[in-house]
Amino acid sequence: MRLTSATILASSVFLTAVSTSYAEDILVEGGYVMTMDPGVGDLEQTDVLIKGGRIVAIGRGLKAGTARRIQAKGAIVLPGFVDTHSHLYVTTMRGQFRNKEGQFFPVSSKLAGSMTPHDVETAMHLGALELISSGITTTADFFDNVIGPAHGEAGLRALQRSGIRGTLYYGGPDKTTKHPMNLDQLRSIASRLDKSAQVGVGLAWRLPRNRTDARNWAMRQQEFDTANELGLPIQVHVSGEPGPMLDALIEREYLYPNLTVVHAPDASAEQLRVLEAAGSSLAVTPISEQRVGYGLTRFDQFALFSKQGLGIDGNSLAGSAEMFATMRLASLTWSGGARSETAPDARSLLELATIGGAEVVGMASEIGTLSVGKRADLQIIRLDSLNLAGFGGGDPSALLVHSAHPSDVDTVIIGGRVVKIDGDLVDVDRPKLLQDAEGSARALTSRVAERD
Ligand SMILES: [Zn+2]
């Protein structure tokens with residue numbers, strides 16, 4: 001079905017303004033539903049019924065009883081985006097990366113080492129709320145700044161408080177691989193979290209730069225074995241020198257379906273073939289990868305790869321938590337690199353940001369499409385902003401990829417909880433949030449400046 005100019009231009013969106021963060025029975029009424037399920041496609045003027053945190057029906061004229069009604073006529077209803085890789089603790093370092101004097105790795109490492117648990121919680125909570133506000137309902141947070149146990153708990157609490165779905169990939173105390181990870185705390189967190197919990201835990205894994213450093217490899221082996229024993233997903237950073245690191249992963253037989261390789265824009269065709277055969281996945285973060293000079297993130301080079309998704313890689317490194325901008329850059333780099341105006345199809349970018357990401361984080365049976373039985377994680381995108389005006393009924397995928405902004409995300413629902421509505425986050429004290437973030441950022445930078 002097509003999104004006609006009549007449904008877009010002749011309709012206005014009226015969304016209710018009841019504020020609550022509890023899972024509710026909800027009827028999302030009359031939207032243009034982009035299911036992202038290839039077998040179903042888009043459904044015009046269609047309702048989505050949510051009960052017990054899951055989608056229980058999709059169709060026209062659904063009976064909802066006492067369910068809360070959210071009017072989506074003239075708007076697009078889309079699965080929540082999946083951010084396959086982030087570092088939310090750097091969110092309050094947004095002002096510090098100025099390329100010449102403020103390069104990301106030295107600056108973020110210096111600041112990160114002085115973060116208190118309060119700084120960590122403030123940054124990660126803010127970062128997760130920014131993701132939600134941008135239509136991202138699931139994140140995979142690579143938390144490689146667990147300086148002490150209180151920092152570990154602070155990071156977990158920040159994600160849980162925000163209302164986002166996701167996995168806290170628990171890492172070491174810094175970006176080097178010199179120090180051991182607190183595997184006792186990893187075990188403790190894993191034992192506390194139910195498999196169906198909205199925030200789960202995984203392993204944030206880094207490899208030794210020195211491939212012959214036996215003591216370092218022994219530490220990494222222990223981390224890998226612990227994650228496997230606990231049945232946890234693993235994300236591995238191969239940034240810096242993806243070629244040799246991918247070779248090490250292959251030679252040491254670390255590839256398996258629960259492993260996601262992050263930042264591998266230069267992976268060779270042969271390395272990709274081996275990764276594919278092992279069932280491993282790729283998390284690709286075009287904005288950050290290009291900002292720090294890893295090279296061009298050419299999705300056309302991964303075209304034959306099955307499990308891949310998009311990531312933000314830290315709101316401050318990417319500039320902001322924008323999946324729209326991420327899709328746009330991926331698309332433009334692809335078109336420019338391939339010298340083709342028609343490649344890629346815009347819908348393939350939306351797939352990477354939804355179902356593709358869900359496959360990467362191992363949740364495709366639960367999220368990533370709007371399907372009966374899946375978790376009710378969705379966003380409603382309003383089409384009444386100037387940047388979306390004049391659409392006139394073309395390709396809604398191209399509209400979203402090339403024209404939409406986070407401010408067009410009117411409503412976000414995660415697991416049946418309305419977490420954003422009428423353009424505002426629910427139950428968030430915005431002035432306090434901003435004040436806390438600014439206070440933490442300034443205190444952190446002055447603490448580090450005094451020490452230097
Ligand atoms: Zn990263």
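Domain bounds here come from an automatic or database domain assignment. On that basis, the chain of this predicted model splits into domain 1, residues 5-79 + 370-421, and domain 2, residues 81-360.

The C-alpha centres of domain 1 and domain 2 are separated by 29 Å. Contact between them involves 30 residues of domain 1 and 26 residues of domain 2. The two domains bury about 2200 Å² between them. Carbon and sulfur atoms account for 60% of this area. On the domain 1 side, Met36, Val401 and Ile414 contribute 28% of the area buried against domain 2. No other three residues of domain 1 supply more.

Charged pairs also occur between the domains. Domain 1 and domain 2 are linked by two salt bridges. Asp42 and Arg347 form a salt bridge through their side chains, with an N to O distance of 2.8 Å.

A helix pair was also examined. Helix α7 spans residues 242-251, and helix α8 spans residues 269-278. Their axes come within 11 Å and cross at roughly 35 degrees. The crossing of α7 past α8 is left-handed. From α7, the contact draws on Pro242, Gly243, Leu246, Asp247 and Ile250. From α8, Gln271, Val274 and Leu275 take part. By class, the residues of this contact comprise five nonpolar, two polar and one charged.

Conventions. Residues are numbered from 1 along each chain as its sequence is written. This is a predicted model: local features need pLDDT of at least 70, side-chain atom pairs count only at pLDDT 80 or more; totals for chains, interfaces and linings use all residues. Side-chain values use heavy atoms; hydrogens and water are left out. Axes are lines fitted to C-alpha atoms, for helices over the stretch in contact, and angles run from 0 to 180 degrees between N-to-C directions. Helices (H or I, at least four residues) and strands (E, at least two) are DSSP runs, numbered from the N terminus. A crossing is left-handed if the near helix is turned anticlockwise from the far one by less than a right angle, and right-handed if clockwise. Contact means heavy atoms within 4.5 Å. Ala, Val, Leu, Ile, Met, Phe, Trp, Tyr, Cys and Pro count as nonpolar, Asp, Glu, Lys and Arg as charged, and the others, Gly among them, as polar. Buried area is the accessible area (1.4 Å probe) that two parts lose on being put together, summed over both. A salt bridge is a side-chain nitrogen of Lys or Arg within 4 Å of a carboxyl oxygen of Asp or Glu.
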